[in-house]
Amino acid sequence: MSDVKLTATARTEFGKGAARRLRRADQVPAVLYGHGSDPLHVSLPGHDTMLALKHANALFEIELDGKTTLAIAKDVQREPVKNVIEHVDLLIVKKGEKVAVEVNVHVVDESAPGTIHVVETQALSLEAEATNLPSAVEVSIAGLEGGAIVHAGEIKLPAGTSLLTDPETIVLTVSVPHASADDLAADEAAAELAAEQSAAAHADEA
């Protein structure tokens, strides 16, 4: 988790035109909601917000009119071509409460020689303290042999978190790659060609 401080400005104009003007001024339209309060429509500094959102599950300290509000990003809308941030939904959180978040799976270590691993589930749903959200879940594959399967319920979770994903969900599999018939045929053809070229070279020398 990374703490990020951003200074927000209240928005009084709405609609696509107003949003475009904000983005041209390097500002990002956003809304703060939660805990029974009315949604607060604000603008955030564009560059700083872009950098902050690179940290998974960052905790935001939003300063607005001299008051600081803690929040986490629940939805980020991006322009699909240029990947520009168009809007951010921020959920207000309080110290001590727990929230549900998606946490990416990060594979560490190496499986047994000659094997490969495939991540079947890219992220797990966890419940964690709002002010101490994990950025990733590490899954060690050290020494795992072909045929090994790692389920969500077998993964060691960060301290203070609990699993919301079904424990039987397959997160990762380890297998031994097998050469296809086409691969074997291609290897055989290459070997034959090399042998023919070698034989031809020796004949020329003779």
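An open sheet of 7 strands runs in the order β1-β5-β6-β7-β3-β4-β2, with mixed pairing; strands here are DSSP runs of E with at least two residues, helices are runs of H or I with at least four, and both are numbered from the N terminus. Two strands count as paired if DSSP finds at least two bridges between them. This is a predicted model, in which local features need pLDDT of at least 70 and side-chain atom pairs count only at pLDDT 80 or more, while totals for chains, interfaces and linings use all residues. Residues are numbered from 1 along each chain as its sequence is written, and side-chain values use heavy atoms, leaving out hydrogens and water.

β1 pairs with β5 in the parallel sense over 5 bridges, and Val-4 stands opposite Phe-60 in β5.

Now let's turn to the cores. A nonpolar core is a set of buried Ala, Val, Leu, Ile, Met, Phe, Trp, Tyr and Cys residues joined through side-chain atoms within 4.5 Å, where buried means under 20% relative accessible area, exposed over 50% and partly exposed in between (1.4 Å probe, protein chains only). The largest such core has 24 residues, and Leu-124 and Ile-155 are among those with the most contacts inside it. β8 (98-108) and β10 (123-129) are among the strands that each supply at least two of its residues, and β8 gives the most, with 4. Another core, of 19 residues, lies apart from it and includes Ala-8 and Val-42.
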